[in-house]
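Please examine the structure shown below and follow the explanation with the model in view.

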Amino acid sequence: MTAHMTAQEPRWGVVSTIKAPRTAILDFAAWHLEAGAHRLYLYLDEDVPETLAALKAHPKIRALHTDAGWWQKRNGRPDKHQVRQSLNARHANNRKPEVDWLAHIDVDEFLLSDIPVAQHLAPLPRDCLCARIRPVEALAPGTGHAPGETLFKAFHLDQSARQTAAEACFPKWGAHLSGGFLSHVAGKLFFRTGLKGLQVKIHNMILEGTQNPGQVELPGLALGHFHAADWAHFIGAYQFRLAQGSYREELKPQVRKGDAVKLHDLFRAIDSTGGEAALRAFFDEVCVADADLCARLDAHGLLRRRRMDFPALRTRHFPGVA
C-alpha cells in the first residue's frame with residue numbers, strides 16, 4: 001500500500017462504558033490499539049484510580065471516571081447500565097471529533113479482522129452513516145482447541161440456514177438459541193462521528209427519527225464476544241444477566257419460531273429442574289470447544305480460530321503496568 005492510500009484511510013476509535021477487572025480493561029485497550037485504533041474513549045463505571053491512571057497515561061486513550069459529579073451534571077445516574085452506555089457514547093460523539101468512525105462496543109468484545117480495520121471503512125459511501133459488525137461467540141477451552149488458540153462460533157445471516165445449523169450443531173438446545181448463541185446476534189455498530197443529535201443505542205443508532213441510516217454490513221470484520229469465556233465467568237454473571245442483563249425477562253425469544261422460549265424462561269426451567277449441575281451441563285454442551293462440537297461447527301463453516309496473546313499486547317502497550 002502506498003503512503004498516499006494510507007493517508008486516505010479513515011481514523012477510527014472505540015467508545016466503551018466499562019466495569020471490569022484491570023487486566024480485562026487493559027486487554028481490551030491493548031487489543032484495539034494494536035488493531036490500529038486512533039482513539040479509545042473509555043468511561044469507567046466505578047472508581048478504580050490505578051486503572052484510570054494507567055489508561056490516561058497512554059496518548060491514544062481518553063479515559064475518565066463517571067463519578068457522582070459527572071452524573072450530577074447529567075440529571076443523575078441512570079439505574080440501567082444500558083442507559084449509561086448510551087449516554088456516554090453520545091458524549092464521545094459530541095466531543096471535538098478526533099476520529100472519523102467510532103465503534104460502540106463492550107469490554108468483552110474484540111474487533112477481529114485479517115486486514116487493517118480502516119480498510120473495511122474506507123470504501124463505505126458517504127450516505128452510509130453506520131456499519132454493522134456481527135459477533136462470533138467465544139468458546140471455552142476444550143478438547144477441540146490447541147494451546148494458544150481462541151475458538152469462536154459464528155452464525156449464518158440467513159435465518160433459515162442459521163436455524164438449521166444451530167439445531168445440527170447444538171441438537172439439545174439449538175431450537176431455542178439463535179445460531180447457538182447465548183448473547184446477541186444483532187452485533188454492534190461503527191457510526192460516523194460529528195452527527196448532531198445522534199442517539200447511540202446498544203445495537204442501533206437513531207438520527208432525526210431514522211434508525212441506522214445508510215447501514216452497511218461489514219462481513220469481513222467480526223466482533224469476538226467473550227460472553228461466557230469459561231464456566232466461572234458464566235455462572236458469576238448468571239444472576240445479574242437474568243435480572244438486568246442479556247437474559248432479563250422482558251427480552252423476546254431469540255428464535256422467531258412458535259415454540260421457541262426466551263432465554264430468561266429457558267434458564268429458569270433448566271435451573272429449576274437441576275440447579276447448578278443442570279446449568280453446567282447446558283454450558284458444557286453449548287459453550288465449550290469440545291472436539292465433536294468443533295467438528296460440527298467446522299462442517300457448517302462456522303468455526304473460527306484466532307490467536308490472541310493478551311499478555312504480550314498488554315506488555316507492549318502498557319509497559320511497567322502490573
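Predicted model: local features only at pLDDT ≥ 70, side-chain atom pairs only at ≥ 80, totals over all residues.

Residues are numbered from 1 along each chain as its sequence is written, and side-chain values use heavy atoms, with hydrogens and water left out.

We begin with helices. Helices here are DSSP runs (H or I, at least four residues), as are strands (E, at least two), numbered from the N terminus. Helix α2 (residues 22–34) and helix α3 (residues 49–56) have axes that come within 10 Å and cross at roughly 15 degrees. The α2 helix is therefore roughly parallel to α3. Axes are lines fitted to C-alpha atoms, for helices over the stretch in contact, with angles running from 0 to 180 degrees between N-to-C directions; those under 35 degrees count as roughly parallel, over 145 as roughly antiparallel, 65 to 115 as roughly perpendicular and the rest as oblique. Arg22, Ile25, Leu26 and Ala29 of α2 make the contact with Glu50, Thr51 and Leu55 of α3, where contact means heavy atoms within 4.5 Å.

The second pair is arranged otherwise. Helix α8 (residues 231–243) packs with helix α9 (residues 263–287) at an angle of about 160 degrees, and their axes are 13 Å apart. For this reason α8 is roughly antiparallel to α9. Among the residues making this contact are Trp231 and Phe234 of α8 and Phe267 and Asp271 of α9.

Attention now turns to a loop. Asparagine 212 lies in the loop between β11 (210–211) and β12 (216–225). Is this residue buried or exposed? Asparagine 212 is buried, because its relative accessible area is 10%; buried means under 20%, exposed over 50% and partly exposed in between (1.4 Å probe, protein chains only). Leaving aside residues up to four places away in sequence, asparagine 212 touches Cys130, Arg132, Leu189, Asn204 and Met205. From asparagine 212 to threonine 51 there are 161 residues in sequence and 34 Å in space, C-alpha to C-alpha.

Finally, consider the cysteines. A disulfide is a covalent bond between the sulfur atoms of two cysteines. With the criterion of a pair of cysteine sulfur atoms within 2.5 Å, the count comes to zero disulfides.
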